[in-house]
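Here is a short briefing on one protein chain. Read it with the sequence and the 3D view open.

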Amino acid sequence: MPELRHLQHFGNILTNVGLNAILDGCPHLVHLDLRKCFNINFAGDFEKRCFERIKDVKRPNDSTAGHPYGPFPMTANYDYNDYYGC
């Protein structure tokens, strides 16, 4: 989706691999909401890439105040096997 500008993955099981694919395919992304996406690990060059390219990034642990589906408690106990049956 090369023209995508706004993306919200609130509470998604997205990982760094998936986010890298999004960054590669969406060069015009301006707003990215990753609140409650606890499989994302911002560190080093990956963090730098995200925050240099995207104007407004909401991190996994950012407040959910103002979100139409939050604030609400959510645990980070995602298990890949729960979703993909491996």
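## Overview

Of the 86 residues of the protein chain, 31% count as buried; buried means under 20% relative accessible area, exposed over 50%, and partly exposed in between, with a 1.4 Å probe and protein chains only. This is a predicted model, in which local features need pLDDT of at least 70, side-chain atom pairs count only at pLDDT 80 or more, and totals for chains, interfaces and linings use all residues. Residues are numbered from 1 along each chain as its sequence is written, and side-chain values use heavy atoms, with hydrogens and water left out.

**Fold and surface**

- The protein chain has three helices and three strands. Helices (H or I, at least four residues) and strands (E, at least two) are DSSP runs, numbered from the N terminus.
- Along the sequence, the pattern is β-α-β-α-β-α.
- Among contacts in the protein chain with a separation of 6 or more, 69% join residues 24 or more positions apart. Contact means heavy atoms within 4.5 Å.

- Three strands form an open sheet, ordered β1-β2-β3, with parallel pairing. Two strands pair if DSSP finds at least two bridges between them.
- β1 and β3 (56-58) are at the edges with a single partner strand each, so one side of each has no neighbour in the sheet.
- Neighbouring strands of this sheet are turned by 0° against each other on average, direction ignored. The axes behind this value are lines fitted to C-alpha atoms, for helices over the stretch in contact, and angles run from 0 to 180 degrees between N-to-C directions.
- Three bridges link β1 and β2 in the parallel sense. Q8 has D33 in β2 as its bridge partner.

**Helix α1 and its cover**

- Helix α1 spans residues 16-25, and its buried residues include L19, I22 and L23.
- V17 and D24 are exposed, on the face of α1 turned away from its buried side.
- The cover over the buried residues of α1 includes β1 (6-8), β2 (31-33) and α2 (44-53).

**The nonpolar core**

- The largest nonpolar core has 17 residues. Such a core is a set of buried Ala, Val, Leu, Ile, Met, Phe, Trp, Tyr and Cys residues joined through side-chain atoms within 4.5 Å.
- L19, L29, L34, I40 and F42 have the most contacts inside this core.
- α1 and α2 are the elements that give two or more residues to this core. The largest share, three residues, comes from α1.
- Beyond its neighbours within four places in sequence, L34 is in contact with H9, L14, L19, I40, F42, K58, R59 and P60.

**Residues in the strands and helices**

- H31 lies in strand β2. It counts as partly exposed, at 26% relative accessibility.
- The C-alpha atoms of H31 and V57 are separated by 6.0 Å, with the residues 26 apart along the chain.
- Setting aside neighbours within four places in sequence, H31 is in contact with R5, H6, L7, I54 and D56.
- R53 is in helix α2. R53 is partly exposed, at a relative accessible area of 32%.
- R53 and L29 are 24 residues apart along the chain, and their C-alpha atoms are separated by 7.8 Å.
- With neighbours within four places in sequence left aside, R53 is in contact with L23, D24, C26, P27 and L29.

**Residues in the loops**

- K36 sits in the loop between β2 and α2. K36 is buried, with a relative accessible area of 14%.
- Most residues other than glycine have a negative phi. For K36, phi is near 70°, a positive value in a residue other than glycine.
- S63 belongs to the loop between β3 and α3 (80-84). S63 is exposed, with a relative accessible area of 52%.
- S63 and R35 are 28 residues apart along the chain, with their C-alpha atoms separated by 7.6 Å.
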